[in-house]
Amino acid sequence: MTDSHLQALLAARFHDPLSVLGIHTDGGIVVRHLDPSAERAWVMAGSAMLPMVQCGDGIFEWRGDATPPTPLRIRVARPGGLVTVVSPWAFGVQIPESDVHLFNEGKLLQAWRTLGAHAQTRDGVAGVRFACWAPNAERVSVVGDFNAWDGRCHPMQSRGGSGLWELFVPELPAGALYKFEIRNRATGDVVVKTDPYGQQFERRPGTAARVTPVSAFAWTDNDWLQARARRDWLHAPLNTYEVHMGSWMRHPDGRFHTYRELAERLIPYAVDLGYTHLELLPVSEHPLDESWGYQTTGYFAPTSRFGDPDDLRAFVDACHQAGLGVILDWVPGHFPQDAWALARFDGTALYEHEDPRLGLHKDWGTHIFNYGRNEVKS
């Protein structure tokens, strides 16, 4: 590990942490670990604790002849006591080159499966793989309630010219809040952004994304799906009820009804009036109630105003049980200028046009997507 790598890591300006952290060979076996909050650290080899040498503020190193067992476990002494962690630096990159290529070509049709936060198990260790696109960043980190929102703790690995960054964080539970801390390469400015591919967010006014567990929801709408497949939809009658879930009905004290509560009230109402479909104004995450969901900040997440993703699944399932189809409005035409969201995501006009004559929707005060950029298409 060169002095320049050490200095860059300590300054939170390094794009290639996996090249120096984790397990490496350099005249023997070398293990390095990064933990800015740690005072001491040991490599765990079974019941043995092999002391590491501190070679910088929060960077620890051990050298030996034998490779430690995997997964690599590090015991660290923090001001609050001793804790054993699985090193994220012992896991390589995981996003396949085929996905990277398709994303840059504008042809990754389900990019939400690649980017964002995804609960996974690697080498027998449960954790979360994070990924984002920030081609003009010098360094990107995952920050959240699990690392005190400290951008020094979990720097992500650059995937080179693709502009993608990724990191697997082991032992991270579902429900953890997170964002991306991004340092711009040209200016050195640091911005903290929520995940545009997040699948769940905290309740407003909070803006952090939330690690979403793998859903175990049990669908019961197979009969309706089979009937839909057989239906002559070009000639069948269609009667659609368009509704905004936040204002159709509220509790007496002004609170929103949840997805499940609306299922009990809205579905019988629509069925009684003879509707065949419900069309929901955008239920994707958005910061402002008054926008009715048309100024979206979380394109792949149902808004937490009405519950969690499984609650929305339950609503759709109940609609199908009652014979109602569900149409979801989705708004890719523009996005709000909130500094914590998509606007100038990596310190540059990334998702929007740089030229305000092309990139600013004057009627709405929002940005317009730059669809000339392949990654924006993806």
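This is a predicted model: local features need pLDDT of at least 70, side-chain atom pairs count only at pLDDT 80 or more; totals for chains, interfaces and linings use all residues.
Let's start with the buried residues of helix α4: Y259, L262, A263, L266, I267 and A270. Buried here means under 20% relative accessible area, with exposed over 50% and partly exposed in between, using a 1.4 Å probe and protein chains only. What do these buried residues of α4 pack against? Their partners are β17 (240–243), β18 (277–280), β20 (298–302) and α5 (309–321). A contact, by the way, means heavy atoms within 4.5 Å.

Residues are numbered from 1 along each chain as its sequence is written, and side-chain values use heavy atoms, leaving out hydrogens and water.

Back to α4, then. This helix covers residues 259–272, so 14 residues, and from first C-alpha to last it reaches 19 Å, close to the 20 Å expected at 1.5 Å a residue; that expected span is 1.5 Å times one less than the number of residues. Where does α4 bend? The bend is at R265, by about 30 degrees, and the proline P268 follows within four residues. The angle is taken between axes fitted to the seven residues ending there and the seven starting there. Just after α4, G274 takes a positive phi of about 85 degrees.

Now look across to helix α5, where you'll find D311. Is D311 buried or exposed? D311 counts as buried, at 15% relative accessibility. Leaving aside neighbours within four places in sequence, D311 is in contact with Y259 and R260.

Beyond its neighbours within four places in sequence, I95 is in contact with V100, T114, R129, A131, R159 and E166. Take R159: 64 residues separate it from I95 in sequence, yet the two are 9.2 Å apart in space, C-alpha to C-alpha.

Finally, the whole chain. There are 7 helices and 23 strands, and buried residues make up 50% of the 378 residues. Among contacts between residues at least 6 apart in sequence, 66% join residues at least 24 apart. The C-alpha trace spans about 75 × 50 × 45 Å along its principal axes.

Methods: Helices (H or I, at least four residues) and strands (E, at least two) are DSSP runs, numbered from the N terminus.
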